[in-house]
Number of protein chains: 2
Amino acid sequence: MNPQYSSKLSQFLFLLLAISILISCGSPQEKSPTTSGNLEATENSQDNLSSWEDGPKNKIMDWVKSTTTEGSTEFIPEKDRIAVFDNDGTLWSEQPYYFQLAFAIDEVKRLAPEHPEWKNDSSLDALIKGDMAGFMAGGEKALLTAIAMTHAGMTAEEFDSRVKNWIKTATHPKTGKHYNEMIFQPMLELLQYLRANGFKTFIVSGGGIDFMRAWTEEAYGIPPYQVVGSQFGLSYVDTTASPELIKIPELFFNDDKAGKPVGIYRNIGKRPVFAGGNSDGDYQMLQYTSTGDGARFGLIVHHTDSVREVAYDRESHIGQLNKGLDDAAKYNWLIVDMAKDWKVIYPYELK
Amino acid sequence: MNPQYSSKLSQFLFLLLAISILISCGSPQEKSPTTSGNLEATENSQDNLSSWEDGPKNKIMDWVKSTTTEGSTEFIPEKDRIAVFDNDGTLWSEQPYYFQLAFAIDEVKRLAPEHPEWKNDSSLDALIKGDMAGFMAGGEKALLTAIAMTHAGMTAEEFDSRVKNWIKTATHPKTGKHYNEMIFQPMLELLQYLRANGFKTFIVSGGGIDFMRAWTEEAYGIPPYQVVGSQFGLSYVDTTASPELIKIPELFFNDDKAGKPVGIYRNIGKRPVFAGGNSDGDYQMLQYTSTGDGARFGLIVHHTDSVREVAYDRESHIGQLNKGLDDAAKYNWLIVDMAKDWKVIYPYELK
C-alpha cells in the first residue's frame, strides 16, 4: 500500500476498530422469510410521514410548507432544494458494528477457499475459522487487511456485483433480517415526502461510496449519482478488449466530519438546505447546512430505543453523539427521539 | 504550494501553456447587444435536432428510438440512460485558448489594484499592463501563478460569484460575444433531445468543476450536481459565525484522459451509454462508454469549420484529435463534421 495513504486509511478504520467489545452480540435468529425489496411494500404510504408522531411531523411539514409556497418569505426555488442525509445510524442501523464491516467479514470467509495463502496471516486465519476474538486481537492491522482484501484488487463492476449478492443473502446477527431490511421506515417516509415536494435527496456518508451505491437505489430510491461517500483509489486499465476501472487499496477521500462539507461541494456543488444525521461525524455537515443564508432544517436521529433498536449516544464507540446534542439548540436542530417520536422503526414491522 | 501536488498541477497547466503562440488573436469586435441568457431564446426548438443535417440526425434518432422503445432488443431502462459530454470544444468553443484561462487573465487585471505586491512579479506585472508576450515569457510558472491567484484563497461561494460576474460581462477577443453565447446550438438541441427521452445529461470536463457549475445550469440546463471536472483542494474552516469552504491552490483531481472514467465513477457511479467529446482528452471516456455491455453511442465533434468557427485537429495545441479519428471506426463513433453537419454553430445565429 502506498505509505502516504496508509495513515488516512488508518484514520478511516479507527472507528471500525472500536467494535471489538461489541462483537459478542446476540445469536442469530431465524432468517426472515421476507425478500429484500423493502421499498415497494410501503411505497404508497411513504409521503405522509405516517410513522412519525405529531410533534416532529408538524415541525417538518411546517418548514416544508413555508419553503415551498411561492410568495412565502422563506421560499426556496426548486433548483436549490438540496437535502442531504448520513447513512449509518441515520437511514439504517449501525450496531453492533457498521454493516460494511459485516460485508468485509463475510467476504473474507466466502473467498477463503480461493486464497489458501490467507491462512498464513494469523488474524485472517482466525476470522476464517470464526474466531472473532482472535481476529480482533490483530487490531487495526487485521481490520485493514480484511478491508483491503475485500474492497480492492477487483474491477468496480465486480465489486458492485459482490455487494449486491451479499445484501440479498447475508443477515444481521441479532435480528436475522437482511441488512437492507433494517432501514428506518420514518426516514423512508421523510425522503419520499421531501422528493414529493421538489427536494433532491442525497446520501453523504462516511461509508464507502460504491458499497452504498450497490443497493441505495432499491432501498431508498436514491440513484448512484446522488450518493456521496468515502472513496478508495481507482485506476483505469486498458489492457484488454474491455477496459476496466480497478479498485486500489488506498484511501482517496474520507467523507467524514469536516470531509462531509467538502464531499458535498465535490459531488453536489450546492450548499444543502436540509440535513439529517445521527452522530458527531455529521456535525460539520449539519453546521454547514444550517449556517447558510435563508431557511434551513437540521435533524439528528437520537438512538434512544433500547427495546426496538439500540440506545446509545455520548459514550458509544460507534455513532458517538456529543457535540450534536450540545449545540442542537444553538443551530435549531430537531432532535428526533426514536423511542418517543417514531411509531415504527423498520418497514417489516408494518407487515 | 504543497510540493506533492505541484507536479500534477503542472500537468494540468501544460495544455494551457501551449496557448502562447495562439494568444495573438484578432482584435475584439464590438460587444454583442444580446444578453447572456442563451438557452431561453431557443428552448422551444431544442428537442428536434433542427440544426443538424439529416445524416447524423437520423443516426442519433434511430439509436435513441431503439434504446427507448420497450421490447426492443437494445432497450435501456431509464435509470441507466446516462449521457456524458466534454465541455471545452464539445459544448462550447475553446479557441484561441480555454475560456477558463481568459477568466484567469481578466481576474488578474481586475484584482490588481487590491494587490500592489503583484507588480513585484514580472510576469503578473506584464499581464496587468496588457503585455501578453511578456506574461507568456514567464512560461508555466507564470500561468501557474495567475491560476493560483484567481482560483484559490477565497471561499467557494466568493469564487462562484466571481465567475458569474465575469461570464455576464467579459467578451471573447475574436467574436466580441459573451463566452456563454459561444455554446453550440446543435449540442444544446442534442442535450434537450436526450433529456426529453429520459436520459440524464452530465458534463465530464478537464475544466474546473466550480468554474463550470457557475453557469452550466443556465447555459445548458445541467445542474451543478451533474457537472464533473478537475478539482482544486478544499478546506472546511470553522473559525467564524459562518463556517466556509476555502479553495486551496493544490490540484486534487485531474479530470482528463484516463481521469475521465475515474471522474465518472466518482461522481456518477454508472457506466454511461452515450458519450460526446472532441479531443484525445476524451478518448478514454468514449472508450469506457463504448466498451460497456449493450447499446452504446459515441460522438466526436470534429472542428472542420474555419469560416464559422476554427478548423483544427491532429496538429492543434488545444483539443488535439488523433487517436479519436484513428479509432472512430473501431468503436463505431460518429464523427460530426461541423462544417457539413451543423446548419448553425452558435445560438445567436438564429436570431
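This is a predicted model: local features need pLDDT of at least 70, side-chain atom pairs count only at pLDDT 80 or more; totals for chains, interfaces and linings use all residues.
Colleague: What makes β5 and β6 of chain B a pair?
Modeller: Strands are DSSP runs of E, at least two residues, numbered from the N terminus, and helices are H or I runs of at least four. Two strands pair if DSSP finds at least two bridges. β5 (residues 274-277) and β6 (residues 297-302) of chain B have 4 bridges, in the parallel sense. B:Ala275 stands opposite B:Gly298.

Colleague: Which sheet holds them?
Modeller: An open, mixed one of 7 strands, ordered β4-β3-β2-β1-β5-β6-β7 in chain B.

Colleague: Why are β4 and β7 of chain B called edge strands?
Modeller: Each pairs on one side only.

Colleague: Why are α4(B) and α7(B) called roughly perpendicular?
Modeller: Angles run from 0 to 180 degrees between N-to-C directions, with axes fitted to C-alpha atoms, for helices over the stretch in contact. Under 35 degrees is roughly parallel, over 145 roughly antiparallel, 65 to 115 roughly perpendicular, the rest oblique. Helix α4 (residues 99-111) and helix α7 (residues 139-151) of chain B cross at roughly 75 degrees, their axes coming within 9 Å. Therefore α4(B) and α7(B) are roughly perpendicular.

Colleague: Which residues of α4(B) and α7(B) make the contact?
Modeller: Contact means heavy atoms within 4.5 Å. Among them are B:Phe103 of α4(B) and B:Ile147 of α7(B).

Conventions. Residues are numbered from 1 along each chain as its sequence is written. Chains are lettered from A and ligands numbered from 1 in the order in which they are written. Side-chain values use heavy atoms; hydrogens and water are left out.
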